Amino acid sequence: MTKEKPIGSAAVLGAGVMGAAIAAHLANAGIPCLLLDMKSTEPDEQDAKQGIGPGDPRLANRFAIRGLERALKAKPASFFSPRLRSLVRPGNFEDDAAQLANVDWIVEAVVENLDIKRSLYEKIAPHVAEHAILSSNTSGLSVQSLSDCLPEALRSRFLVTHFFNPPRYLHLLELVPGPLTDPVVYSRMAEFGENVLGKGVVHAKDTPNFIANRIGTFGLLHAVKLMVEKKYTIAEVDRLTGKAIGRPKSATFRTADLVGLDTLLHVSKNMYDSLPDDPARDLFVPPTFVQGMLEKKWLGEKTGAGFYKKSKGADGKTEILMLDPDSMEHVPQGKVAIPSLEIGKNLEDLGDRLVSFMKAKDRGGEFLWENLSQTLLYAAGQIPEISDDIVNVDRALRWGFGWEMGPFEMWDAIGVEASCRRMEKEGAELPPLVKAVLANGGRFYGRDGATPLYFDFDSASGSGSMKPVPYGPKVLRLEDLKAAGSPGTTAGGGGRSGAVSSGAGTSGGSADGSTASSVGKASRGVVWESADASLVDLGDDVACLEFHTKMNTIGPGLIEAIEKSVAIVEESWRGLVIANEADNFSVGANLLLILNEIDDENYDDVDWMVRRFQNVNQRIRYSSRPVVVAPHGLTLGGGCEVTLAANRVVADAETYIGLVELGAGVIPAGGGCKEWVRRVHLSVPEGVDVDLFPFLRRAFETVGMAKVATSGVEAKDLGYLAQDDVVALNRDHRIYEAKQNVLALDIAGFDAGRPLEDIRVVGEPGLAKIRAGLHNMRASGYITEYDHVLGDKLAWVLCGGEVSAGSRVSEQYLLDLEREAFLALCEDNRTLARMENILKTGKPLRN
């Protein structure tokens, strides 16, 4: 067997919701794949409408084709870009089984039935290539029972690869080896999952429902039990178990509706049947009202009703009703009035909120204490049955269920010693792991300088010790790097002269559980910091500017931080990365600050702020050292303009980037418009006689319609990213990849050049065409009067003003046009109204 062959092609067996979504994500990663399902022989009504009859290959492949079509229409989108659909080829098990011999990985994702899966394995086994890996996406069936039917040679290449739905968005990939799985095969899949598919790999054991579903399902079913026993409403439970405690907004019952009641009951039944000795076994029997829901086919979103149901009121407005378990009717939710929830709203730090809830004596505090304490005890009791360590358990719940903290991280946050005293006082028996932690300092996690530590439990001896958290080699965590040295106040001693200190840790999930450092030359920690930002040493003479304003909004403090960081880096460093680890890279300029200045008619101050932001983005673009920006999440307005200014971009795959200023009643004025015109100019070589207007019109439509890319790949399609920019599928690798790009640019002899003085513009003819289009749209009612004004200002800037076609202008000329248009709009009361509405509702006003 050629174990070294890279995985360059794949096949997905089963084109249901999960199988089609896995195929889509393989396409996102650039992996061509087959999507196979059962063969269809009889046309249905939909086939007849499309003229599909016997002998048509579309009939034979109907199930796979429709699965792929569902993936294309899915919301949120399964594909990074619809064009990636071409990498997925639909087929069927009968006609296309022989083609499995041409792929490197086959992942089965058919219905969660052991007999059906085994029957399929027996059918395809003769066609699996000698080097290929076969895996199952089962959510909890035994690896051994699945693989028993396989030839012995194939058993060594079989394992579980459990994705979480939707695969594009949920970071978790649980890997579970079978008794005969070759360690080399397992390592190949772990590396592929992390580096190619961008997943957070968790190493689980062959136990029912593995890690995430085992603990997550316990917590959910325990919440249902508490609700019934203590007479809470569904709305109350969801308010308590959602964002308030660092869980997704969908909380408990909305999550159940999304997953599907049938799926949830299948998981709980598997736990009940497979865990005869589990002390919580009775919890896995659903309450009577849930069985009643199953009989009524109230399965959740897929059937239109579940724990919640949408209904239209007498006024025609949609209302979301909740189920009353006693009456088995859907009723209005009513207001949830729990004092501890109101107190928690004022506590930004999750750890502080959790402590507050644990101390609260109201209904909220009582519910959360009982639910969380039992979930924590249950999780601790499963070590080492489901996992050898707490790290994989915490990662599984964070990456698969969207928890901000895993169970052991939460336990540290509420205080291990104090909470254990309360648990014991209430009659709980502490698991051996917890007793060992209490005997070893009373924390599950700690830190030795820059190195994060976790408590490694030895179940044989009943003791343990703190060990470095296992990290993969491509993850740079700013949190760790900042702990590497004492904060500095100047650039002295850093950079190219660099002192050497202990290397900072990285975070990820290496297959062999090793620790590794992504820092060649060691980091010195924080080089410079202010209230708004920190300049952090990434090692190897590369620095990183980290924003930390609220939602990373851009104001004078951040502009000053960028200026200072570029100056520091130009003195003695190889280059700069601009990145952070917040939920979003930057939601744009500080609108409240601008609004206040406009309200006070301080237009000179607005002019100064805009001019300064333009200048700092030019500093980024033309720094003597390479500047790589690494956006992620929301990257809007000014955040987008910082990104556009970069010498190179390394964007997270889930980067939602766009110039959205028109929604706030202004146009981009931090260099965003200038950059579009510059890029249009550079896209056509000198001496080539090409009409630039079609390119410019595309830019006008993108900015004018405030288009926001829904992925890093679509950002390239829209033009926000250049084709040589990088899209990182693994969010944990983004800063590492950005650093590597800085080093590559430096080694190549980086030269940013100088601002362009001869940019070709389309001038008055192009402006006239856009103005005609705007007039027609206004006359037809497609845009408002003020949309027309905004569009005209934007067109005026993008076309280079009222100059002749083909005129040559400088970057500064375009920046001046931007600023002039921005200031003119600021003096219009309709801009004020739009800004106020954005700040109040988060939505643009159509005025």
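Student: Which residues form one aromatic cluster?

Tutor: The model discussed here is a predicted one. Aromatic rings pair if their centres lie within 6.5 Å. One aromatic cluster is formed by Trp-105, Phe-163 and Phe-192.

Student: Is the pair of Tyr-121 and Phe-158 stacked, tilted or edge-to-face?

Tutor: The ring centres of Tyr-121 and Phe-158 are 5.6 Å apart, and the planes stand at 65°. Planes over 60 degrees apart count as edge-to-face. The pair of Tyr-121 and Phe-158 is therefore edge-to-face.

Student: Which parts of the chain does this pair tie together, and how many residues apart are they in sequence?

Tutor: Phe-158 belongs to strand E6 (residues 158–163), whereas Tyr-121 belongs to helix H6 (residues 114–124). Tyr-121 is buried, with a relative accessible area of 0%, and Phe-158 is buried as well, with 1%. The pair ties together helix H6 and strand E6, at a sequence separation of 37 residues.

Student: How is the pair of Trp-411 and Phe-444 classified?

Tutor: Trp-411 lies in helix H19 (residues 407–414), and Phe-444 in the loop between helix H21 (432–438) and strand E12 (445–448). Both residues are buried. Their ring centres are 5.4 Å apart with the planes at 40°, so the pair is tilted.

Student: Let us turn to charged side chains. How many salt bridges are there?

Tutor: Side chains of opposite charge can pair when their charged atoms come close. The criterion is a side-chain nitrogen of Lys or Arg within 4 Å of a carboxyl oxygen of Asp or Glu. By this rule the number of salt bridges is 51.

Student: With which residue does Arg-83 form a salt bridge, and how many residues apart are the two?

Tutor: The partner of Arg-83 is Asp-717, with the closest N and O atoms 3.0 Å apart. Arg-83 is in the loop between helix H4 (62–73) and strand E3 (88–92), whereas Asp-717 is in helix H29 (residues 712–718).

Student: What is the N to O distance between Asp-388 and Lys-205?

Tutor: Asp-388 and Lys-205 meet through their side chains in a salt bridge. Asp-388 is in the loop between helix H17 (363–381) and helix H18 (390–401), and Lys-205 in the loop between strand E8 (200–203) and helix H10 (212–230), so parts 183 residues apart in sequence are tied together. Lys-205 counts as partly exposed, at 29% relative accessibility. The N to O distance of the Asp-388 and Lys-205 pair is 2.6 Å.

Student: Which residues form a negative surface patch?

Tutor: One member, Asp-599, lies in helix H24 (residues 591–599). The negative surface patch is formed by Asp-599, Asp-600, Glu-601, Glu-827 and Glu-836.

Student: Where is the peptide bond from Lys-75 to Pro-76 placed, and is it cis or trans?

Tutor: Most residues other than glycine have a negative phi, and most peptide bonds are trans. Pro-76 is in the loop between H4 and E3. With omega near 0°, the bond from Lys-75 to Pro-76 is cis.

Student: What is the phi of Asp-541?

Tutor: Asp-541 is in the loop between strand E16 (533–539) and strand E17 (542–547), and counts as buried at 12% relative accessibility. Although Asp-541 is not a glycine, its phi is positive, at about 65°.

Terms used. Residues numbered from 1 in each chain as written. Predicted model: local features only at pLDDT ≥ 70, side-chain atom pairs only at ≥ 80, totals over all residues. Heavy atoms only, no water. Patch = residues over 30% accessible without salt bridge, like charges linked within 9 Å, V, L, I, M, F, W, Y side chains within 5 Å. Areas by Shrake-Rupley, 256 points an atom, 1.4 Å probe, with all protein chains shown as cover. Lys, Arg positive; Asp, Glu negative; His and termini not counted. Charge placed at Lys NZ, Arg CZ, Asp CG, Glu CD. Helix = DSSP H or I, 4+ residues; strand = E, 2+ residues; numbered from the N terminus. Buried < 20%, exposed > 50% of the residue type's maximum accessible area, 1.4 Å probe, protein only. Phe/Tyr/Trp six-rings, centres within 6.5 Å; stacked < 30°, edge-to-face > 60°.
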